[in-house]
Amino acid sequence: QVQLVESGGGLVQAGGSLRLSCAASGSIFSINDMRWYRQALGKQRELVAAITSGGITNYADSVKGRFTISRDNAKMTVHLQMNSLNPEDTAVYSCNAHVGTSRWHFDNYWGQGTQVTVSS
């Protein structure tokens, strides 16, 4: 059983910052890519940022220069530092990870999501 638990969401004023965290736990052999997605009300889910096990990162154009994804492999956690937030960043943010429960078996797992609301 693998669980991803997010924390750090909340309400912030435009221009402010938030830091999201996602901790993986359970019978984990290894973790490949870890990602943050978001889904705003009435919109499709979009990939915000991704990071490989080696630390290579990728960002959506809309957050480049404002968001930073990082991970701690020893603690099996991924973080999303969000700066210069604007109301368009309001969404439910979800953590996703490609987790191996053995050398040969990998699956994608999702956290429950955390609400980020940016007021103008």
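A: One term before we start: a polar contact is a pair of N or O atoms within 3.5 Å, and within protein one must be able to donate a hydrogen and the other to accept it. Also, this is a predicted model.

Q: Okay. Which side chain does the side chain of H79 make a polar contact with at 3.5 Å?
A: That of R19.

Q: And which residue's side chain is joined to that of H79 by a polar contact of 2.8 Å?
A: S21. In the strand pairing, S21 also stands opposite H79.

Q: Where does H79 sit?
A: In strand β8, which covers residues 77-82.

Q: Is H79 buried or exposed?
A: Buried. Its relative accessible area is 16%, and buried means under 20%, so H79 counts as buried.

Q: What else is H79 in contact with, leaving aside neighbours within four places in sequence?
A: The list is R19, L20, S21, W36, T68, I69 and S70.

Q: Switching to the sheet. What order do the four strands have?
A: The order is β1-β3-β8-β7. The sheet is open, and the pairing is antiparallel.

Q: Which are the edge strands?
A: β1 (2-7) and β7 (67-72). Each pairs on one side only.

Q: How much are neighbouring strands of this sheet turned against each other?
A: By 15° on average, direction ignored.

Q: Back to β8. How many bridges join β3 to β8?
A: Six. β3 spans residues 18-26, and the two strands run antiparallel.

Methods
Residues are numbered from 1 along each chain as its sequence is written. This is a predicted model: local features need pLDDT of at least 70, side-chain atom pairs count only at pLDDT 80 or more; totals for chains, interfaces and linings use all residues. Side-chain values use heavy atoms; hydrogens and water are left out. Buried means under 20% relative accessible area, exposed over 50%, partly exposed in between (1.4 Å probe, protein chains only). Contact means heavy atoms within 4.5 Å. Two strands pair if DSSP finds at least two bridges between them. Axes are lines fitted to C-alpha atoms, for helices over the stretch in contact, and angles run from 0 to 180 degrees between N-to-C directions.
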